[in-house]
Amino acid sequence: GVQAYSRVVIGYDFSLHSKRALECAMAWLPHAEFHLVHAIHVPFRGFLGGATKREIARDETEKATARLTEEITSLKSALGDANPRIHTAVR
């Protein structure tokens, strides 16, 4: 038989477009589990030492994770009872 998708992965870059893609996916598949993936960029990576690269990557990951958490909390609040299952990953 035909079944609806149960898991959806969305690249999320904090843009209006990625937010709208998430909203549309949630409207089409209200019972799915959503996985948002955000990729960070370490500026001037090739010029940095290992420890500096790791420190910048850690800081950027923390900032992106905090922003994702804030946006998802806001979105879930706006959705009320719908309360979709949303997981995030920052790499």
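## Contacts, core and pairings

User: What does L36 touch, not counting residues up to four places away in sequence?
Analyst: L36 touches I10, Y12, L22, L68, I72, I86, H87, T88 and A89. Contact means heavy atoms within 4.5 Å. This is a predicted model, so local features need pLDDT of at least 70 and side-chain atom pairs count only at pLDDT 80 or more, while totals for chains, interfaces and linings use all residues. Residues are numbered from 1 along each chain as its sequence is written, and side-chain values use heavy atoms, with hydrogens and water left out.

User: Which residues have the most contacts inside the largest nonpolar core?
Analyst: They are V8, L22, F34, L36 and I86, in a core of 17 residues. A nonpolar core is a set of buried Ala, Val, Leu, Ile, Met, Phe, Trp, Tyr and Cys residues joined through side-chain atoms within 4.5 Å. β1, α1, β2, α2 and β3 each supply at least two of its residues. The largest share, four residues, comes from α2.

User: What makes β2 and β3 a pair?
Analyst: Two strands pair if DSSP finds at least two bridges between them. Strand β2 (residues 33-38) and β3 have six bridges, in the parallel sense. H35 stands opposite H87 in β3. Strands here are DSSP runs (E, at least two residues), helices likewise (H or I, at least four), numbered from the N terminus.

User: Why are β1 and β3 called edge strands?
Analyst: The open sheet has three strands in the order β1-β2-β3, with parallel pairing. β1 (7-11) and β3 (85-90) each pair on one side only.

User: How do the helices run against the strands?
Analyst: Helix α1 (residues 16-28) packs on the sheet, touching β1, β2 and β3, and its direction makes about 170° with that of β1. Helix α2 (residues 50-79) lies across β2 and β3, at about 165° to β3. Axes are lines fitted to C-alpha atoms, for helices over the stretch in contact, and angles run from 0 to 180 degrees between N-to-C directions.

User: Why is the Y12 and F14 pair called edge-to-face?
Analyst: Rings of Phe, Tyr and Trp (its six-membered ring) pair if their centres lie within 6.5 Å; planes under 30 degrees apart count as stacked, over 60 as edge-to-face and the rest as tilted. Y12 and F14 are 5.8 Å centre to centre, with 80° between the planes.

User: What makes E33 and R85 a salt bridge?
Analyst: A salt bridge is a side-chain nitrogen of Lys or Arg within 4 Å of a carboxyl oxygen of Asp or Glu. The closest N and O atoms of E33 and R85 are 3.5 Å apart, which meets the limit. E33 lies in strand β2 and R85 in strand β3, so the pair ties together parts that are 52 residues apart in sequence. E33 is buried at 17%, whereas R85 counts as partly exposed at 43%.

Notes
Buried < 20%, exposed > 50% of the residue type's maximum accessible area, 1.4 Å probe, protein only.
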